[in-house]
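I set out to record helix faces, helix packing, and selected residues with their surroundings. The entries are kept in the order of looking up.

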Amino acid sequence: MNRIENTFSKLTKENRKAFVPYIMAGDGGLECLVDRLATLEKFGATAIEVGVPFSDPVADGPTIQAAGIRALATGTTLRGIIKQLAKARELISVPIVLMTYLNPIYAYGIEEFVEDIKEAGVDGCIIPDLPIEEEDIIALRLKQAEVELIRLVTLTTPLERIKMISNKGKGFLYTVTVKGITGTRNEYDSDLNQFLKNVKEVSPIPVLAGFGISNGNQIVELTKFCDGVIVGSKIVDLFEKNNLEEMEKLMSVFKKESKLV
Ligand SMILES: O=P(O)(O)OC[C@@H](O)[C@@H](O)c1c[nH]c2ccccc12
């Protein structure tokens, strides 16, 4: 069983929700990646999404774009990231999900990429610009390597298609909660809760909500209708400000003694 499947089946049994932080690899210099991953594990991350900086990040808002530019400016490469992840794997046990656009994988070589991330102990991969209809170019290889392809659905994906997509994988389903790009926001579509409920009904795998989530109240509200959250821009911002105290508080949202932030 893959580490992601394992982690989520345990979570479901214990009736707990997932908190998956996103981090931009190479922001602050690639040498601090291992340390930051260890911090996120210590703060209770269920799994960690590690972003690969890319020059044309079509799904990203200003915070993550800026983090990507900073990371590229320090000379971060996909090869360098994978080396650091191999080091991290010796220290941390939470699942690692690599998030990259397709282009850097192409440039690396698909076969070699899958081999190397497997070897480094990466457990899953998110490729946001890879549509299901095209996924065969990499999906089978990932499957053979037991690296889960984490697929995305959005508010505009028809339910039939969500059913089909969620039946393909064994990891979790990434449900995009906005019609737009990454970045914190204060309000959601009024039909979001119902949408999450519908997705939960058809999906055989855990349903995680991501995009625009930045505070405890939002997280408590949303997880009434799904199995957990993914928080990107807010975590990136708190690392940049080196505000680990607030990060720890935010990530304690599911602990009984937590005070919402
Ligand atoms: O930053 P936000 O709004 O909290 O959204 C999560 C997100 O950052 C992370 O999952 C992510 C970053 N870049 C992406 C591109 C596509 C899909 C997902 C992502």
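The entries below concern a predicted model.

**Entry 1: helix α9**

I began with helix α9, residues 192-202, and asked which of its residues are buried. They are F195, L196 and V199. I then looked down the axis of α9 and found these buried residues within an arc of 100 degrees, so they line one face of the helix. On the face of α9 turned away from the buried side, I recorded the exposed residues Q194 and E201. For what covers the buried residues of α9, I listed elements including β6 (152-154), α8 (159-166), β7 (173-176) and β8 (207-210).

**Entry 2: α6 with α7**

Next I turned to helix packing, which is described by the angle between the axes and the distance between them. Helix α6 spans residues 110-120 and helix α7 residues 136-144; I read an angle of about 30 degrees for their packing and axes 10 Å apart. On the α6 side the contact is made by I110, E111 and V114, and on the α7 side by I137, I138, R141 and L142. Sorted by class, this contact of α6 with α7 has five nonpolar residues, two charged and no polar ones.

**Entry 3: α4 with α6**

I then examined how helix α4 (residues 78-89) lies against α6. Their axes come within 8 Å and cross at roughly 25 degrees. α4 and α6 are therefore roughly parallel to each other. In α4 I noted I82, L85, A86 and R89, which meet D116, I117, E119 and A120 of α6. The class count for the contact of α4 with α6 is five nonpolar, three charged and no polar residues.

**Entry 4: A88**

I stayed with helix α4 to look up A88, which is found there. Is A88 buried or exposed? A88 has 23 other C-beta atoms within 10 Å and is therefore buried. Leaving out residues up to four places away in sequence, A88 touches L33, V34 and L37. For A88 and L33 I recorded a separation of 55 residues in sequence and 8.2 Å in space, C-alpha to C-alpha.

**Entry 5: C125**

C125 is found in strand β4, residues 124-126. C125 counts as buried because it has 24 C-beta neighbours inside 10 Å. Not counting residues up to four places away in sequence, I found that C125 touches V97, L98, I117, L142, V147, L149 and I150. I also noted that C125 and G171 are 46 residues apart in sequence and 10.0 Å apart in space, C-alpha to C-alpha.

**Entry 6: positive phi values**

Finally I checked backbone angles, with the general point in mind that most residues other than glycine have a negative phi. E146, a residue other than glycine, has a positive phi near 60 degrees. E146 lies in the loop between α7 and β5 (148-150). With 14 C-beta neighbours inside 10 Å, E146 counts as partly exposed. F211 is not a glycine either, and I read a positive phi of about 100 degrees for it. F211 is placed in the loop between β8 and α10 (216-222).

Note on methods
Residues numbered from 1 in each chain as written. Predicted model: local features only at pLDDT ≥ 70, side-chain atom pairs only at ≥ 80, totals over all residues. Buried ≥ 20, exposed ≤ 12 C-beta atoms within 10 Å, placed from the backbone. Helix = DSSP H or I, 4+ residues; strand = E, 2+ residues; numbered from the N terminus. Arc of directions from axis to C-beta. Contact = placed C-beta atoms within 7 Å. Axes fitted to C-alpha atoms, helices over the stretch in contact; angles between N-to-C directions. Nonpolar A, V, L, I, M, F, W, Y, C, P; charged D, E, K, R; others polar. Parallel < 35°, antiparallel > 145°, perpendicular 65-115°, else oblique.
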